[in-house]
Amino acid sequence: MSRGSHKVVIKSDDDIKIDEKVNLYLFWGSTCPHCKAEYAFLESLSDEEKSKFRVYGFEVWNNKENASLMKEFAKITNKEVTGVPYLVIGDSVITGYSDDATTGKDIKDLIDKLYTKTDRTDVYKLYQEQQ
């Protein structure tokens with residue numbers, strides 16, 4: 001599932017970097033088909049598109065710490081958790097995944113918008129400030 005050097009990698013919060021790339025925080029369920037479809041969409045993007053973002057994934061159905069982190073991010077963004085995938089980009093949240101043409105386009109548009117901003121919000125930075 002790798003495309004060149006820009007493989008979409010699911011990482012843990014120990015590895016989170018705040019830099020020029022847009023951070024995507026993907027909260028997912030282990031057997032969730034919509035989560036798998038969203039991940040496949042992110043993997044399918046071109047290397048140029050993938051160079052704009054980094055994905056941090058947190059499985060929440062079997063990991064209580066990740067589920068707690070998702071709830072903390074929900075409080076910070078003031079966006080209720082109604083299911084997975086629960087994707088946090090900047091201070092925006094996209095819940096669920098329909099298909100590449102709708103939800104996928106929304107994700108890509110949000111990444112593109114935030115990538116050009118120098119003063120964008122990163123929810124993990126806000127989370128760290130509250131700890």
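User: Starting inside: how many nonpolar, polar and charged residues are in the lining of the largest cavity?
Analyst: Keep in mind that this is a predicted model. The lining of the largest cavity has three nonpolar residues, no polar ones and four charged ones.

User: Which residues are they, the ones that line the largest cavity?
Analyst: They are L45, E49, K52, F53, K108, I111 and D112. Helix α4, residues 100–115, gives the most to that lining, with three residues.

User: And what volume does the largest cavity have?
Analyst: About 30 Å³. The structure holds one cavity of 30 Å³ or more.

User: You mentioned α5. At what angle do α3 and α5 pack?
Analyst: Helix α3, residues 64–77, packs with α5 at an angle of about 100 degrees, and their axes are 10 Å apart. Angles of 65 to 115 degrees count as roughly perpendicular, so α3 and α5 are roughly perpendicular to each other.

User: Which residues make the contact?
Analyst: From α3 you have L69, E72, F73, I76 and T77, and from α5 there are V123, Y124, L126, Y127 and Q130. By class, the residues of that contact are seven nonpolar, two polar and one charged.

User: Switching to the sheet: what order do the strands have?
Analyst: The order is β2-β1-β3-β4, in an open sheet of four strands with mixed pairing. At the edges sit β2 (53–59) and β4 (92–95), each pairing on one side only. Neighbouring strands are turned by 20 degrees against each other on average, ignoring direction.

User: How do β3 and β4 run, parallel or antiparallel?
Analyst: Antiparallel, with four bridges joining β3 (residues 86–89) to β4. V88 stands opposite V93 in β4.

User: Last one: which helix packs on the sheet?
Analyst: Helix α1, residues 33–44, packs on the sheet and touches β1, β2 and β3. The direction of α1 makes about 155 degrees with that of β1.

Terms used: Residues numbered from 1 in each chain as written. Predicted model: local features only at pLDDT ≥ 70, side-chain atom pairs only at ≥ 80, totals over all residues. Heavy atoms only, no water. Axes fitted to C-alpha atoms, helices over the stretch in contact; angles between N-to-C directions. Helix = DSSP H or I, 4+ residues; strand = E, 2+ residues; numbered from the N terminus. Parallel < 35°, antiparallel > 145°, perpendicular 65-115°, else oblique. Contact = heavy atoms within 4.5 Å. Nonpolar A, V, L, I, M, F, W, Y, C, P; charged D, E, K, R; others polar. Pairing = 2+ DSSP bridges. 1 Å grid on protein atoms, 1.4 Å probe; cavity = no way out; pocket = protein on both sides within 12 Å on 5 of 7 lines; lining within 4 Å. Points joined across faces, edges and corners; volume = space filled by probe spheres on them.
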